[in-house]
Amino acid sequence: MSTEIVRISRLGAQGDGIAQTDTGPLYAPFALPGETVALAVNKNHGTLISLREASLERVEPKCRHFGPDGLNGTCGGCSLQHASDALYHAFKHNLVIDALKSKGLTPEVAPLVIAHPGERRRVVFTARLTEKGLLLGYNQAASHHIVTIEECPIASPGIVSRLAIIRKIAAAMASTSDPFRITVLETETGLDLAFEGLKLSDRQRRSTVEAVLGERGIARVSLNSEIVIEPVKPVIDFGGVAVSPPPGAFMQATRPAEEAMAKLVIDHVGKAKRVADLFAGIGTFALRVARIARVHAVEGEDKALKALDFAARNTQGLKPVTVEKRDLFRRPMMAQELKVFDAVVFDPPRAGAEAQCHELARSGVKKIAAVSCNPTTLARDLSILVASGYRITSVTPIDQFLWSAHVETVATLEKG
Ligand SMILES: C[S@@+](CC[C@H](N)C(=O)[O-])C[C@H]1O[C@@H](n2cnc3c(N)ncnc32)[C@H](O)[C@@H]1O
């Protein structure tokens, strides 16, 4: 370990400051472009010791857990609270532009749809029982240490105001000192708490049920996808369609980002009569599109697909919705199968939809809406489509994970 004084030239893809040194790039979390900083250096990683010259873009962090000295974050949940809105928004916008450029794509990229504090309806906590009581919060960056949180400006008030109740339920569930995860989803009917990584004895099951029944605002508690107690069915509203998600189901993390993505998708598929929604989850897009077109929803998770199907069959005024369980990595929808659709929506996990895009490329489907949480795999997938004659008609970056280095994108394409 040595101490070095360096000047930060840019932000890297993870939001770290990067200094160009004789031995290559040096990564310094919590340092901003233009700053001169003293770093404790270990290989190519620098821990901020002090600011010699601060950037005008440096601002006070919004949360006490971001870092006691405002320099080095303690809570690993956020990485960019110390950057001004202008710098932070430009960073996210550029993540998309740069990823596309690296694949030779230079479409116009719309301004970032910005995120606000208090919007996150889905958060994942880590917890652990210790001799001094229960720790519940987020992991410190690159560490197993849990930072117990008292506030969380990104999370919705409905979650933050129930932190004490969540702790009480987690304490009732835990019996060993092993760490476990709790995915908290705020639904229309209350919080849905999905625990993973615990074993539950009969005694703990009883005390969990007692803890939940003594409180208001908890819709369901599950462990490893099995329901422990469900005082009321959790319900999520997708543009007027009520869906009951299975425990721990994928859900867009904020409602405003989801609505922005859905609007871009719907505006693009427009007058299509038959639409395929690939990687459909519990129907975020499929159930909204079903107001205007027949939809074929394809998804790998059986429980998600059943929730989508149940919602479609129990909602009036929708066009017909069919569902198909399918592994789209190993068995993508083939070009021949895709020919019956006027439009395709796809929203894969971070790995992207490479195999599916090779089939789409040969399909001749007129309109495609690509939704992605990873600009790198999105750029690869779009380049496959562009090489086969698709035109990119819009690219919109959407912030859903405030003060992180993640960005969502909706890209629309046309052929013919
Ligand atoms: C980013 S989520 C999007 C879900 C949905 N479109 C939404 O907005 O809520 C990706 C979805 O792809 C599904 N998935 C992951 N791998 C898959 C695969 N190999 N084949 C089919 N679906 C897969 C996941 O279960 C998840 O529902």
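Me: Is Phe-279 buried or exposed?

Reply: This is a predicted model. For burial, count the other C-beta atoms within 10 Å; 20 or more makes a residue buried. Phe-279 has 22, so Phe-279 is buried.

Me: Where is the place of Phe-279?

Reply: Look at the loop between strand S16 (274–278) and helix H6 (286–289). Check the backbone there too. Phe-279 is not a glycine, yet its phi is positive, about 65°.

Me: Which residue other than glycine has a positive phi near 60°?

Reply: Trp-403 does. Its place is in the loop between strand S21 (391–398) and strand S22 (408–414). Trp-403 has 23 other C-beta atoms within 10 Å, so Trp-403 is buried.

Me: Where does UniProt place the feature "active site"?

Reply: Treat such a label as an annotation, which may be inferred rather than shown by experiment. The UniProt entry, which is unreviewed, puts "active site" at Cys-373. Cys-373 lies in the loop between strand S20 (367–372) and helix H10 (375–387).

Me: Why is Cys-373 buried?

Reply: Apply the count again. The cut-off is 20 or more. Cys-373 is buried because 20 other C-beta atoms lie within 10 Å.

Me: With which residues is Cys-373 in contact, leaving aside neighbours within four places in sequence?

Reply: Contact is a matter of C-beta atoms within 7 Å. Setting aside those sequence neighbours, Cys-373 is in contact with Arg-350, His-406 and Glu-408.

Me: What should helix H1 span, and how far apart are its end C-alpha atoms?

Reply: Take 1.5 Å times one less than the number of residues. Helix H1 covers residues 85–101, which is 17 residues, so it should span 24 Å. The end C-alpha atoms of H1 are 24 Å apart, which agrees.

Me: Which residues of H1 are buried?

Reply: Start with helix geometry. An α-helix has 3.6 residues a turn, so residues three or four places apart point the same way. In H1, the buried residues are Tyr-88, Phe-91, Lys-92, Leu-95, Val-96, Ala-99 and Leu-100. Their cover includes strand S2 (10–11), H10, S21 and S22.

Me: Which members of the largest nonpolar core touch the most other members?

Reply: A core is a set of buried nonpolar residues joined through C-beta atoms within 7 Å. The largest one here has 137 residues, and Leu-308 and Val-344 touch the most other members. Helix H5 (residues 255–269) gives the most to this core, with 7 residues.

Me: What is Val-344 in contact with, beyond its neighbours within four places in sequence?

Reply: Val-344 is in contact with Ala-276, Leu-278, Leu-338, Leu-360, Val-365 and Ile-368.

Definitions and conventions: Residues numbered from 1 in each chain as written. Predicted model: local features only at pLDDT ≥ 70, side-chain atom pairs only at ≥ 80, totals over all residues. Helix = DSSP H or I, 4+ residues; strand = E, 2+ residues; numbered from the N terminus. Buried ≥ 20, exposed ≤ 12 C-beta atoms within 10 Å, placed from the backbone. Contact = placed C-beta atoms within 7 Å.
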